[in-house]
Each structure stands twice: as C-alpha cells, then as structure tokens.
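Colleague: I am new to reading protein models. Could you walk me through this one, feature by feature?

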Amino acid sequence: MNKLSTMIAAGLAAASFAAAAPAAAQLQLWEDYEPSEEVIEMTLVKVEEGQLDTYLEGLKQTWVKANEVQKEMGYIKGYGIYGVPYGEGEFNLVLTIRFANDEALTPNKERYMEFMEAWGKANMDASQETVRELYNEIREIQGTYMLRELKMKM
C-alpha cells in the first residue's frame, strides 16, 4: 500500500507541478485561492473479500454510533462511508470524518469527558471488543490522511 500511495502521490505531485508550472508565479494564496477551514480525516480500509457486510454491520454499531454522538454534540460536522467499486485493490472502503477546523482536531479534555459521558462505558467496552475480535480479523487499515480543500477564486 505504501508503495502504491507513494507512487500515486508522486505522480499527482509531478502532474500538478507540470500543469501548474507556467502559472506558479501568477497564483497567490488568499488572492487566487484559499484553504478551507474544514478538515477531513480520510481512512483507507482493505476489507477481506466476502466480509464487507460483516464489517459494515460492525461499523454501524461502533463507528457510526460514536460519530452520531459526536455530531449531535457539535464536535464533528459529519462523516461518511464510501465503497471503492474499482481500482488496484489496495483498499475497498473509505471512511471520512468532517471537522469544522483545526481546533476541532486538537486534544481537549473537556470535549473528551463530555463525549465519554454521552457515549458511556458500555458502548466503549463493546466497541473495543468488536475491534479486537472482529475488525482485526477482517480488515486492515491502509492509511489515514488529513485533507483540506483548496478553493479556487474565479
């Protein structure tokens, strides 16, 4: 996976640089484009063949429930699960979490304690058990990345 990701990243960077080279001196941050405040965490997952429904069922009981609590509390803007219908097979599922800004990613004891109170020890224990006994057997995390949109001004 790392080799493929590195090759893709290098290829995209080279293509972007080559395409942007004539305009590089002309584009100015904040004048021609600006980074959004929103940050997206993207996790690439390789689920074993035939185990997607099992994994999704587990996610519904753990990851989705926890994200719903965080969304209701205003800690995240949203989340998503995306299937990858074709590709090289390095990953076949993408999980995303949308944060309002960098501050939402910063460790915060008060937010953590409020979430733990809302989520509850029973849910935390059940989630950890699911990860140990199910997830670790049927999936492999290929990587986690942070994305920030660059908005072009016209």
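Colleague: What span should the 18 residues of α4 have, and how far apart are its end C-alpha atoms?

Modeller: Keep in mind that this is a predicted model. Take 1.5 Å a residue: α4 should then span 26 Å. The end C-alpha atoms of α4 are 25 Å apart, so the two values agree.

Colleague: Where does α4 bend, and by about how many degrees?

Modeller: Look at Val 131. The bend of α4 there is about 40 degrees.

Colleague: Which residues of α4 are buried?

Modeller: Ser 127, Tyr 135 and Ile 138 are. Buried here means under 20% relative accessible area.

Colleague: Let's step back to the whole chain. How many helices and strands does the protein have?

Modeller: Four helices and six strands. Along the sequence, they follow the pattern α-β-β-α-β-β-α-α-β-β.

Colleague: What percentage of the 154 residues is buried?

Modeller: Buried residues make up 26%.

Colleague: And the contacts? Among those between residues at least 6 apart in sequence, what share joins residues at least 24 apart?

Modeller: That share is 74%.

Colleague: Now for empty space. What is the general idea for finding it?

Modeller: Roll a probe the size of a water molecule over the atoms, and it shows where empty space is left. In this model, the largest pocket holds about 750 Å³ of space.

Colleague: How many residues line the largest pocket, and which lie nearest its centre?

Modeller: The lining has 31 residues. Nearest the centre are Trp 63, Ala 66, Asn 67, Gln 70 and Ile 97. Elements giving two or more residues to this lining are β2 (39-47), α2 (52-72), β4 (93-99), α3 (109-119), α4 (121-138) and β5 (139-147).

Colleague: Which element gives the largest share of that lining?

Modeller: α2 does, with seven residues.

Colleague: How does the lining of the largest pocket divide by class?

Modeller: It has 20 nonpolar, eight polar and three charged residues.

Colleague: Is Trp 30 buried or exposed?

Modeller: Check its relative accessible area, which is 52%. Exposed means over 50%, so Trp 30 counts as exposed.

Methods:
Residues are numbered from 1 along each chain as its sequence is written. This is a predicted model: local features need pLDDT of at least 70, side-chain atom pairs count only at pLDDT 80 or more; totals for chains, interfaces and linings use all residues. Side-chain values use heavy atoms; hydrogens and water are left out. On a 1 Å grid over the protein atoms alone, a cavity is a set of points where a 1.4 Å probe fits but cannot get out, and a pocket is an open set with protein on both sides within 12 Å along at least five of seven lines; lining residues have an atom within 4 Å of a point. Grid points are joined across faces, edges and corners, and a volume is the space filled by probe spheres set on the points. Ala, Val, Leu, Ile, Met, Phe, Trp, Tyr, Cys and Pro count as nonpolar, Asp, Glu, Lys and Arg as charged, and the others, Gly among them, as polar. Buried means under 20% relative accessible area, exposed over 50%, partly exposed in between (1.4 Å probe, protein chains only). The expected span of a helix is 1.5 Å times one less than its number of residues. The bend at a residue is the angle between axes fitted to the seven residues ending there and the seven starting there. Contact means heavy atoms within 4.5 Å.
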